[in-house]
Every structure is written in C-alpha cells, then in structure tokens.
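Subject: Structure handover

Dear colleague,

Here is the structure you were expecting. My notes on what was found in it follow below.

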Amino acid sequence: HAKSLAQATRVFTSLALLPLASTLDLPADRVHLLDGEKEGYTSYDQLVSSIHRNDIPRLPVRHATKGTPAYLVYSSGTSGLPKGMYFFSGIHF
C-alpha cells in the first residue's frame, strides 16, 4: 500500500535492499545504489561523476520557511492503513 501512495519516481537504496526496491517496478536507470555496484544500475558515485562530467549546474539554495517539511514520520500500518505525519520547520518541541 505504501508503494502506491509514495508514487516514487527514483529510489536510492543499498545493494542489500535492491530486491525490495525492485518491487517498485521502476526502470533500472531510476534505481540508484548508495553502496556497491551492480550491472544495469547507477551507483551514487557514478551519478555524481556524471553530474560533474556533464557540467550540470547546481540549483540555488531555497531557504526553509515555517511551511517547509522537515521530516516525515511514517508508521507501518500494523493496526490499519499506513499513516504518515509531516513535521514542519516552524514546529519546535
């Protein structure tokens, strides 16, 4: 269920979790490995090298505002559907 809600277009994963990431049905060129290498997949190091080689410009920094999501807490949905809750930059505990 979480897979359909996320609507991921790219995934960054470890080599150990590649079988799980493969269940997202994304093309291999949209699954990036954070560690190690596997034929047909782009490693993080290869991705960074490609950016430098192709002289892709950096995007300007966008400063966080009170409405900028800081992180997402996500439950597995043990007692029902999975649930997520955003915490925003303007909220302090």
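Three strands form an open sheet in the order 1-2-3, with parallel pairing. Strand 1 (11-13) and strand 3 (42-43) are at the edges with a single partner strand each, so one side of each has no neighbour in the sheet. Strands here are DSSP runs of E with at least two residues, helices are runs of H or I with at least four residues, and both are numbered from the N terminus. Two strands count as paired if DSSP finds at least two bridges between them. In general, strands of a sheet pair through backbone hydrogen bonds, either parallel or antiparallel.

Before the details, two points on how to read this. The model is predicted: local features need pLDDT of at least 70 and side-chain atom pairs count only at pLDDT 80 or more, while totals for chains, interfaces and linings use all residues. Residues are numbered from 1 along each chain as its sequence is written, and side-chain values use heavy atoms, with hydrogens and water left out.

The chain as a whole

The chain holds three helices and five strands, and from the N terminus on they run α-β-α-β-β-α-β-β. Of its 93 residues, 12% are buried; buried means under 20% relative accessible area, exposed over 50%, and partly exposed in between (1.4 Å probe, protein chains only). The accessible surface of the chain is about 7,700 Å², and 58% of that belongs to carbon and sulfur atoms. These areas come from the Shrake-Rupley method with a 1.4 Å probe; for residues, only the protein chains shown count as cover. Among contacts (heavy atoms within 4.5 Å) between residues at least 6 apart in sequence, 12% join residues at least 24 apart.

Strands 2 and 3

Strand 2 (residues 31-33) and strand 3 run parallel and are joined by two bridges. Leu33 has Ser43 of strand 3 as its bridge partner. Is Ser43 buried or exposed? Ser43 is buried, at 4% relative accessibility. Leaving out residues up to four places away in sequence, Ser43 touches Leu33, Gly36 and Glu37.

Thr42 also has its place in strand 3. Thr42 is partly exposed, with a relative accessible area of 24%. Beyond its neighbours within four places in sequence, Thr42 is in contact with Val31, His32, Leu33 and Leu47.

The nonpolar core

The largest nonpolar core has five residues: Val11, Leu18, Ala21, Val31 and Leu33. Helix 2 (18-21) and strand 2 are the elements that give two or more residues to this core. Such a core is a set of buried Ala, Val, Leu, Ile, Met, Phe, Trp, Tyr and Cys residues joined through side-chain atoms within 4.5 Å. Val31 touches Val11, Thr13, Leu18, Ala21, Leu26, Tyr41 and Thr42, not counting residues up to four places away in sequence.

Two loop residues

Asp25 lies in the loop between helix 2 and strand 2. Asp25 is not a glycine, yet has a positive phi of about 60 degrees. Asp25 is exposed, at 67% relative accessible area.

Asp55 lies in the loop between helix 3 (44-53) and strand 4 (69-74). Asp55 has a positive phi of about 50 degrees, although not a glycine. Asp55 is exposed, at 65% relative accessible area.

Regards
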